[in-house]
Amino acid sequence: MTSNMELVREGLGTAFNPNSPVWFTLLNGRVEDIYYPDLSTPQGRLELVLVDNKGQRLYESDHLIRIIERPDPDVPIFRQVNSDPMGSFRLSKLAFTDPKRACFLLHVRLEALQGVPTDYQMEVHWDAAPEQSPPTIVQQPHGEGDWMVNNQKNGVAILATSSAFIHDENHKVSTTSSTSRIQIPEDGGFRLVMGFGATEEEAAQHVQETLRQSWTDILSQYRTEWQQYCKRLNDIDGWASPLYYSSIMLLKSLEDKAHPGAIAPSLSRPIQYTAESSYRMATAFWSAGDHKSAKVILRFLLKKQGTDGGFPRTFSLDPSLSPTPSCPHQTAYALLLIWQLEAIRSFQSTVVPAVSFLIHHGGPHAPQKSSFPLHLAALRCAIDLGKTAGEVEMIRQWSSTLTSWEEQCSLPKEGEMAWMSWARLGILPATHPSLLKAAQAFDQNHRQPTPYGPFWATDTESEGKLPHLSVRLTGERGHYELLCDRDPSLYLTALEQVGGNEETLSTFITPKGEKMGETPDPLTHAEYIRLLVSQSWGKPCDLPLPPSGDEENTEFPL
């Protein structure tokens with residue numbers, strides 16, 4: 001299932017409102033995963049199997065020509081079109097969720113290019129999630145046909161159809177899956193609905209209500225809610241790209257519906273949250289004009305501050321998992337986010353203890369030396385917040401520490417992976433001689449051409465292994481070019497070409513441009529949003545306290 005980090009998904013969607021805690025992902029022409037009641041709980045995979053008049057079984061993921069389409073640029077809705085290579089039929093599916101109920105809908109239409117739809121047989125294959133038992137066929141109440149039911153410890157899932165399941169010898173149950181034949185209507189169109197609930201009665205009610213309502217009305221509400229959200233966003237004076245809207249909707253879709261502000265930075269389980277991922281998501285929302293989501297993310301993050309003033313290395317929504325110990329790296333990102341959103345009301349309760357933790361555990365004392373520019377930027381932002389709050393004595397103490405840190409700081413060296421952070425965090429001008437040398441050395445050792453333009457490897461190439469070219473690093477390099485007063489369009493275009501028709505950005509690509517690693521990668525999408533907005537501003541939209549002009553050609557101390 002989707003615990004594999006190398007899984008390249010083609011789409012992810014959910015209803016905009018919190019009433020429907022159901023998500024879905026698509027891959028290889030099928031529904032790869034359906035999640036309920038949160039993104040850490042997959043409920044299985046759905047795949048349709050066509051049986052032609054010769055008895056040949058054609059699986060969506062193996063035997064058909066697959067295309068994925070996005071009918072609306074401002075709605076996370078996807079159409080999968082799977083065609084027979086011999087030209088006999090075409091199978092079109094529209095995936096979305098019911099905004100009012102915990103239900104996933106798949107509108108299916110079989111178009112017979114030879115003969116009529118009823119010449120074919122169709123099966124639905126429900127592959128249970130790991131550690132789940134296979135679904136079973138049960139009789140609906142009142143003699144209304146059959147359901148496929150899966151009872152699990154976290155609730156009940158029911159799969160039903162607007163047509164009918166045919167209970168015959170084609171029904172198969174294995175240790176991990178269940179397969180049933182579907183009666184194909186004369187026009188070839190029908191719906192599959194998977195509903196969820198804490199009990200079988202609740203799940204059944206959701207399924208029945210969804211099946212009784214017009215599917216076009218459900219789809220209309222699903223579309224309208226997302227379109228209204230997108231209309232409120234910053235359209236960058238009409239220059240917003242389809243990938244921009246897809247990226248924002250992806251981040252919004254990854255928000256946990258029971259924990260507002262918890263934006264999953266990855267679908268790899270267990271889902272781990274950090275202050276850094278919260279910072280990257282919140283600044284993406286803020287730059288896109290969704291200030292409310294950014295503030296909700298900050299409120300969610302502040303609840304994770306430890307009694308020592310620091311923020312944990314990672315934390316989870318699972319109450320059975322304790323947060324990891326506080327670390328200066330994550331604490332610094334929390335301070336940057338507080339400064340970015342000007343959350344001055346949390347100064348005494350949050351900023352002061354966080355700075356105290358950072359001073360005692362960060363800077364020259366930090367075990368991760370590459371985080372030093374981050375700690376400097378966080379302390380500078382804390383001092384700026386102190387000025388707004390009128391904390392004169394606090395400013396004096398923190399400024400003294402900042403001066404001491406700067407005196408102990410050494411310039412970035414050639415080959416240092418984090419060299420761009422010195423400019424991105426406003427510690428050194430982008431055109432500082434040491435950064436120009438680092439950029440040249442980094443390009444010589446890591447830059448590689450691709451069909452989309454230049455990308456950079458995060459590791460050295462080994463025999464028999466393709467180098468991993470970081471997609472997010474290309475966005476970060478675009479920000480560095482912008483700080484050098486150069487046009488980042490080359491890097492934006494490269495990211496948009498990687499996105500492709502499905503408009504999903506991966507963690508890595510190969511030198512041939514093939515996607516690798518987690519796809520879609522939320523943090524890469526957040527970087528793209530910020531770069532596109534930064535280009536329109538003429539400077540990075542998340543730049544903390546840029547260096548003054550007289551620091552252009554100086555060495556440390558600043």
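**Helices α8 and α9**

I started with helix α8 (residues 372-389) against α9, which pack at an angle of about 160° with their axes 10 Å apart. For the record, this is a predicted model: local features need pLDDT of at least 70 and side-chain atom pairs count only at pLDDT 80 or more, while totals for chains, interfaces and linings use all residues. Residues are numbered from 1 along each chain as its sequence is written, and side-chain values use heavy atoms, with hydrogens and water left out.

My helices (H or I, at least four residues) and strands (E, at least two) are DSSP runs numbered from the N terminus. Axes are lines fitted to C-alpha atoms, for helices over the stretch in contact, and angles run from 0 to 180 degrees between N-to-C directions. Angles under 35 degrees count as roughly parallel, over 145 as roughly antiparallel, 65 to 115 as roughly perpendicular and the rest as oblique. α8 and α9 are therefore roughly antiparallel to each other.

I noted the crossing of α8 and α9 as left-handed (the near helix is turned anticlockwise from the far one by less than a right angle; clockwise would be right-handed). On the α8 side I listed the contact residues (heavy atoms within 4.5 Å), including Phe372, Leu376, Leu379, Arg380 and Ile383. From α9 the contact takes in, among them, Ile395, Trp398, Leu402, Trp405 and Glu406. By class, the contact of α8 with α9 has nine nonpolar, five polar and three charged residues. Here Ala, Val, Leu, Ile, Met, Phe, Trp, Tyr, Cys and Pro count as nonpolar, Asp, Glu, Lys and Arg as charged, and the others, Gly among them, as polar.

**Helices α7 and α9**

Next I looked at helix α7 (residues 347-361) and helix α9 (residues 392-408), whose axes come within 12 Å and cross at roughly 30°. α7 and α9 are therefore roughly parallel to each other, and their crossing is left-handed. Phe347, Val351, Val352, Val355, Leu358 and Ile359 of α7 meet Met394, Trp398, Thr401 and Trp405 of α9. I sorted the residues of this α7 and α9 contact into nine nonpolar, one polar and no charged.

**The five-stranded sheet**

I traced an open sheet of five strands in the order β20-β21-β22-β23-β24, with antiparallel pairing (two strands pair if DSSP finds at least two bridges between them). β20 (447-450) and β24 (515-516) are at the edges with a single partner strand each, so one side of each has no neighbour in the sheet. β20 pairs with β21 (residues 453-457) over four bridges, and I found proline 449 bridged to proline 454 in β21. Helix α13 (residues 489-499) lies across β21, β23 (508-509) and β24, running at about 80° to β21.

**Aromatic pairs**

I counted 18 aromatic pairs, taking rings of Phe, Tyr and Trp (its six-membered ring) with centres within 6.5 Å; planes under 30 degrees apart are stacked, over 60 edge-to-face and the rest tilted. Tyrosine 273 and phenylalanine 315 are a stacked pair, 6.0 Å centre to centre with 20° between the planes. Tyrosine 273 lies in the loop between α3 (242-253) and α4 (275-287) and phenylalanine 315 in the loop between β18 (311-312) and β19 (326-327), so the pair ties together parts 42 residues apart in sequence.

I checked two cis peptide bonds. Tyrosine 36 to proline 37 has omega near 0°, and proline 37 lies in the loop between β3 (30-35) and β4 (45-51). Arginine 269 to proline 270 has omega near -5°, with proline 270 in the loop between α3 and α4. I also jotted down asparagine 28, a residue other than glycine with a positive phi, near 50°; asparagine 28 lies in the loop between β2 (23-27) and β3.
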